[in-house]
Amino acid sequence: MEIDLENFNKESKSEYSSHVKLRARLRKVKPKVLDEMFEELHEEAFREIDCLDCANCCKTTSPIFLNTDIDRLAKSFRMKSSAFIDEYLHRDEEGDFVLNSSPCTFLGADNKCLVYEDRPKACREYPHTNRKKMHGILELSLKNTLVCPAVFKIFQQIGKDYRK
Ligand code: SF4
Ligand code: SF4
């Protein structure tokens, strides 16, 4: 079932300030406990959400393209890496390679990634909520509550426990 992204945008914005406060409280949680909490809720969120019903990350943000990603994708297109960069990428303010356009050029009309096997590492790991050392990416995860319905759901669920 297609996710109602318009409604998600409204809800995630309206709950953002409470999630900012929640992030401050999460900073005090022990690292292992925080990692386990996120991992469990990540699994729970993705049991309910199918990315093919969403693709909001691919529609609204760009992954970072590492040199290894560029080389792999260029090879699959039988292009030189420099030509791939010229065609699709530019450097952002941090100096990382990102897409020239949004939604992602490689997103199909059916929300499938046209370069799935060769997609960037950042795409494989997004939304980064089932990894270790979640303390280091709490700020990024907070921002991702505005992009990813699964991250939003995770924050909502944690909030129910931590605002008690
Ligand atoms: S990772 Fe999040 S934003 Fe991306 S498609 Fe899946 S649910 Fe949507
Ligand atoms: S490369 Fe594929 S997974 Fe990554 S943003 Fe583009 S469409 Fe999405």
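Predicted model: local features only at pLDDT ≥ 70, side-chain atom pairs only at ≥ 80, totals over all residues.
Residues are numbered from 1 along each chain as its sequence is written, chains are lettered from A and ligands numbered from 1 in the order in which they are written, and side-chain values use heavy atoms, with hydrogens and water left out.

Seven residues of domain 1 are in contact with eight residues of domain 2, where contact means heavy atoms within 4.5 Å.

The size of an interface is often given as the accessible area lost when the parts come together. Domain 1 and domain 2 bury about 560 Å² between them, 55% of it on carbon and sulfur atoms; this buried area is the accessible area (1.4 Å probe) that two parts lose on being put together, summed over both. In domain 1, the residues that lose the most area to domain 2 are Leu-52, Cys-58 and His-128, together 76% of what that side buries. Zero salt bridges were counted between the domains, a salt bridge being a side-chain nitrogen of Lys or Arg within 4 Å of a carboxyl oxygen of Asp or Glu.

In one of them, Glu-139 pairs with Arg-23, with the closest N and O atoms 2.4 Å apart. Glu-139 lies in helix 8 (residues 138-144) and Arg-23 in helix 2 (residues 16-26), so the pair ties together parts that are 116 residues apart in sequence. Helices are DSSP runs (H or I, at least four residues), numbered from the N terminus. Arg-23 is buried, at 12% relative accessible area, whereas Glu-139 is partly exposed, at 34%; buried means under 20%, exposed over 50% and partly exposed in between (1.4 Å probe, protein chains only). Arg-23, Arg-27 and Glu-139 are linked in a network of salt bridges.

A salt bridge also joins the side chains of Glu-39 and Lys-132 (3.9 Å, N to O). Glu-39 is partly exposed, at 33% relative accessibility, and Lys-132 is exposed, at 58%. Glu-125 and Lys-121 form a salt bridge as well (3.2 Å, N to O), and both lie in helix 7, four residues apart.

Note on methods
Helix = DSSP H or I, 4+ residues; strand = E, 2+ residues; numbered from the N terminus.
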